[in-house]
Amino acid sequence: MATQYVNRESMNTKSRHVTLTYMDKDEGQRVVGSPDPLPMADINHVRLHEGRAFYAYFLNGDANQLADNASINIAAAWAAGKYPHLVFDVRCGGDAEFTIFENATVTGGTSFTAINRYRSSTNTSSSAILINPTVTTTGTAITGEFLAGGSGGQATGSAAFSFQYVLAPLTTYLFRLTNRSGQAHMAHVMIEWYE
């Protein structure tokens, strides 16, 4: 059976019979049927295929371990009208703290261009990202977590991830991971979002 395409006459036409359709990637209106089942996907997966899913990260690897009581700071803000749906993944080789601050004031740092998770997409993020900026004020803490991973030479590592946050546009967020293990360890912070 062949794919059926239809043209909608009007979005406000009253009808007694309804045929379920969906718009494909080429914006063709397809009739749902056995050769063309109704696509069902998690919205995160849909945004990925639309080229609207991005990430930013910083890694203190084996050659550059995060010192005790030192932090990885990632500052991020998004353009007007953009409400990023964000999750995070943070890890440290020992005990650590992770906090997200809202309305932080930062300067300097290393600019980071958000990476599109759909590698063939030419879409760019509306975000401005700074890695390890100078933090003047942290702002308001909106979440905080203790990552239990041990201390000293007995550390076994720790990790945290999140449910989704919907962040505000034109607001600087600070994502901070601080090593509290008593010695240097590998650590990373990754934030992922769609716009």
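This is a predicted model: local features need pLDDT of at least 70, side-chain atom pairs count only at pLDDT 80 or more; totals for chains, interfaces and linings use all residues.
Which backbone oxygen does the side chain of Asn 179 reach at 3.5 Å? The answer is that of Ala 67. Asn 179 is buried, with a relative accessible area of 0%. Its side chain has another backbone contact: a polar atom lies 2.9 Å from the backbone oxygen of Leu 66.

Now step out from β16 to its sheet. The sheet is open and has six strands. Their order is β9-β11-β5-β16-β7-β13, and the pairing is antiparallel. At the edges stand β9 (110-112) and β13 (140-147). Each has a single partner strand, so one side of each is left without a neighbour in the sheet. On average, neighbouring strands are turned by 20° against each other, direction ignored. Strands of a sheet pair through backbone hydrogen bonds. Ala 76 stands opposite Ile 129 of β11.

Next come the charged side chains. The whole structure holds five salt bridges. One of them joins Glu 97 and Arg 180, with the closest N and O atoms 3.3 Å apart. This pair links distant parts of the chain, 83 residues apart. Glu 97 sits in strand β7 (residues 96-102), while Arg 180 sits in the loop between β16 and β17 (187-194). Glu 97 is partly exposed at 34% relative accessibility. Arg 180 is also partly exposed, at 37%.

Another salt bridge joins Glu 192 and Arg 117, at 3.5 Å from N to O. Here too the partners come from distant parts of the chain, 75 residues apart. Glu 192 belongs to strand β17, and Arg 117 to the loop between β10 (115-116) and β11. Glu 192 is partly exposed at 22%. Arg 117 is partly exposed at 36%.

Arg 47, Glu 50 and Arg 52 form a network of salt bridges. Within it, Arg 47 and Glu 50 meet at 3.0 Å, N to O. Glu 50, at 36%, counts as partly exposed.

Finish at the surface. Leu 20, Leu 38 and Met 40 make a nonpolar patch of about 320 Å². Met 40 lies in the loop between β3 (29-31) and α1 (43-49). Met 40 is exposed, with a relative accessible area of 71%.

Methods: Residues are numbered from 1 along each chain as its sequence is written. Side-chain values use heavy atoms; hydrogens and water are left out. Patches are made of residues with over 30% relative accessible area and no salt bridge: like charges are joined within 9 Å, nonpolar side chains (Val, Leu, Ile, Met, Phe, Trp, Tyr) within 5 Å. Accessible areas come from the Shrake-Rupley method with a 1.4 Å probe; for residues, only the protein chains shown count as cover. A salt bridge is a side-chain nitrogen of Lys or Arg within 4 Å of a carboxyl oxygen of Asp or Glu. Helices (H or I, at least four residues) and strands (E, at least two) are DSSP runs, numbered from the N terminus. Buried means under 20% relative accessible area, exposed over 50%, partly exposed in between (1.4 Å probe, protein chains only). Two strands pair if DSSP finds at least two bridges between them. Axes are lines fitted to C-alpha atoms, for helices over the stretch in contact, and angles run from 0 to 180 degrees between N-to-C directions. A polar contact is a pair of N or O atoms within 3.5 Å; within protein, one must be able to donate a hydrogen and the other to accept it, and residues adjacent in sequence count only if both atoms are side-chain atoms.
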